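Please keep the sequence and the 3D view open while reading.

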Amino acid sequence: MKFSVRTILAVAAATAALTVQAQTPVRIGFLTTLSTPAGYIGEDERDGFMLAVKEEGDKLGGVTVRVMIEDDALKPANAKQIADRMLQDGVRLFTGINFSNVLVAVAPTVLEAGGTYVSVNAAPSTFAGKGCNAGYFAASYQNDSYSDSSGMAANKLGYKRMVLLAPNYQAGRDALNGFKSTYKGEVLGEIYTKLDQSDFSVELARIRELKPDAIFQFHPGGAGINLAKQYANSGLAQSVPMITPIYSMDRRMLAATGNAGNGFYLTASWSADLDNAENKRFVESFVKAYGRLPTDYAATSYDTARLIGSALRAVGGDVTGKRDAFRAALRKADFKSVKGKFRFAQNQHPVQDWYLLRIEPDASGKLGYKTVERIAADHVDPHAPECKM
Amino acid sequence: MLKFIEQALNGLQYSALLFLLSAGLTLVFGIMNVINLTHGSFYMVGAFCAAAAAAATGSFLAAIVAAVAGAGVYGLLVELLVIRHLYRRDHLDQVLATLGMVLFTNELVTVLFGRSPPFMDIPPALAGSVELLPGLAYPVMRLAFIGAGVVVAVGLWLLISRTRVGMLVRAGADDGEMVDALGVDVRRLFMLVFVMGALLCGFAGVMSAPLLAVQIGMGERILITAFVVIVIGGVGSVRGALIGSLVIGMSDAFGRAYIPLLLGRLMPSQLSDPLSSSLISASAYILMALVLLFRPLGLAPARH
């Protein structure tokens, strides 16, 4: 043997160092909720995002990326700590957060450090109106839009008298206000439930007493499953239709409620059956990779990854040196969205179509979403005009 | 009047759930002097086992067996591996260890069953509603829940007041050291009580699964209410757990039904809606504070 072990090691180390230098990946901080009952949401967001990365072979827009995935456990303080640590390590591009309360804690830190944040889901009004920021983008929607589109849907369906239910916290109250901002009929009652309530028998009795044409409710996750099951069990489901944003009856919740969701009306900005080539390809690719149908969370997350990819391509992956050019490229939204049309309003939130879906059994008798009609074209959130940028 | 009866039934159903959970909790706390936060996890384990068994066999009976057996076996394991070593430790150690077990159980269930909440249907025999009075239709599943609560309450009463084991349990709640000194195998008694509590949790799990979301962490929220129940009823007393469950269950149902209406008459709805929902959330704790103020040992304490 002519080579000593030491030489071999030195050569190995040198080549390793070289390859690292040749293609320093762009690091993307992906904070999301992977534990707690809401963990399935983060799982779908992660999988949607990583699908786009995998499809390109660990690249986005031709630029090698390293996605640093962390669980925020739905705790704002946790998430902020993780973001602080990543910022210290030099990460300047962040995404992934699902919950508005977590986002509100993290985004300002990222923006102050000169970073860029692209939201896969949560989009509170905080950053949509006066508080809009050149470094903050939402590739999903703005929080008001899923409930004000439900108000429009209720008008279209001809419901004159409605009862509204939501948990007593910020997002719940926002949802009811959003609904009321577009709904033209009479609100018979607003019922505030406890966050994460498990039993709804009392509320159901009140609904029966008020005899509305329909109800609007916003209960994502476990509380929504409870409500849907008990709504069906009480017999109300046959006489009083329900309208909810898609997030109160996502695909996982639908699977957890058996037949209870049958006939629900939902509003969404994306659906698996949306008729465009990009969407068909995405749904197929997702099913092939993970063996299940994608949710809205996965779809907007996939869009986010591809949006980021389009901007990375424009600046050759230099998100810090060419920061302003990177942001300008994001603003152009030069990517093929699974939603079909996609562009940003001045507040860097989407201008997009909203659809009315109905839960119906498909040919095989399994419940799924069917797009009924488009209820809002090129919908802009109400905060956009307040944004001066 | 119909509304009042319906809300009373709703209250009874919630009381039944609380009783199934708190009966075991109060005995473990009262007799073994162990604060067991894992108690809620047995409820979750029961519900997940029930949903899995129902999905595999389609039979509600199989779901009941799976839930009770699953929760019982898990309870036994927890007692043998963890709780057993905590009897002589102080409450802080117990809280830390059992809280750790809660987190561990959540992850274990996630690994075994996945993150998506599974579905469990209402068994056909209990589906739909019956007309109890003209104009008052009530879901059969909820009536069955109330019935199950009554059966368990009667069964526990017979067990505790009429059997030798029950006598030991009562004696243990009164004065554990004396029972020990009299030559009773306290360890076995403790294990029995602990597993019995877990069995009841498993049963509560299978009864809840068709009505509620079967999900990770479902036990923790209700556990807090169960602790309120045993404090109101008196620690260590099954009768206290029954009374506490009824107090909390009824006040919750009537509170949710009538507080918004009352406050709605007193003030504009923008003010009354959020205020009443806060008041409803706090009502259990307000009740607990009142009971502690006037009856610090609870409404029906085990004798000391």
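How many residues of chain A are in contact with chain B, and how many of chain B with chain A? The points below begin with the answer, after a word on conventions.

This is a predicted model, in which local features need pLDDT of at least 70, side-chain atom pairs count only at pLDDT 80 or more, and totals for chains, interfaces and linings use all residues. Residues are numbered from 1 along each chain as its sequence is written, while chains are lettered from A and ligands numbered from 1 in the order in which they are written.

1. **The A–B contact.** 30 residues of chain A are in contact with 33 residues of chain B. Contact here means that the C-beta atoms of two residues, placed from the backbone, lie within 7 Å. On the chain A side, α2, β8 (186-193), α7 (201-210), α8 (222-233) and α10 (251-256) each supply at least two residues. Helix α8(A) gives the most, with six residues.

2. The chain A residues that touch chain B divide into eight nonpolar, 13 polar and nine charged. Nonpolar covers Ala, Val, Leu, Ile, Met, Phe, Trp, Tyr, Cys and Pro; charged covers Asp, Glu, Lys and Arg; the others, Gly among them, are polar.

3. A:E43 lies in helix α2 of chain A. A:E43 has 21 other C-beta atoms within 10 Å and is therefore buried. The scale is this: buried is 20 or more other C-beta atoms within 10 Å of the residue's own, exposed is 12 or fewer, partly exposed is in between, with C-beta atoms placed from the backbone. Leaving aside neighbours within four places in sequence, A:E43 is in contact with A:L34 and B:R115. A:P220 is 177 residues away from A:E43 along the chain, and their C-alpha atoms are separated by 16 Å.

4. **Two domains in chain A.** Domain 1 takes 8-141 + 275-344, and domain 2 takes 144-268 + 354-386. These bounds come from an automatic or database domain assignment. The domain centres, taken over C-alpha atoms, are separated by 29 Å. The contact takes 12 residues from domain 1 and 15 residues from domain 2. On the domain 1 side, the residues divide into six nonpolar, four polar and two charged.

5. **Helix α11 of chain A.** This helix runs over residues 277-290, and its 14 residues should span 20 Å at 1.5 Å a residue; the end C-alpha atoms are 20 Å apart, which agrees. The expected span is 1.5 Å times one less than the number of residues. In α11(A), A:N279, A:F282 and A:F286 are buried. Seen down the axis, the buried residues fall within an arc of 60°, so they line one face of the helix. That arc is taken over the directions from the helix axis to the C-beta atoms.

6. **Around α11(A).** On the other side of the helix, A:A277, A:E284 and A:K288 are exposed. The cover over the buried residues includes α2 (39-55) and α12 (296-315) of chain A. Just after α11(A), A:G291 takes a positive phi of about 70°.

7. **A:R306.** A:R306 lies in α12 of chain A. A:R306 counts as buried because it has 25 C-beta neighbours inside 10 Å. Apart from neighbours within four places in sequence, A:R306 is in contact with A:A52 and A:F335. A:R306 and A:K336 are 30 residues apart in sequence and 7.9 Å apart in space, C-alpha to C-alpha.

8. **Chain B overall.** Chain B has 11 helices and two strands. Its radius of gyration is 20 Å, close to the 19 Å that the globule rule gives for 304 residues, so chain B is as compact as a globular protein of that length. The radius is taken over C-alpha atoms, and the rule is 2.2 Å times the number of residues to the power 0.38. Buried residues make up 52% of the 304 residues. Among chain B contacts between residues at least 6 apart in sequence, 77% join residues at least 24 apart.

9. **B:I146.** B:I146 sits in helix α5 (residues 140-162) of chain B. B:I146 is partly exposed, with 19 other C-beta atoms within 10 Å. Not counting residues up to four places away in sequence, B:I146 touches B:L12, B:Q13 and B:A16.

Key:
Helix = DSSP H or I, 4+ residues; strand = E, 2+ residues; numbered from the N terminus.
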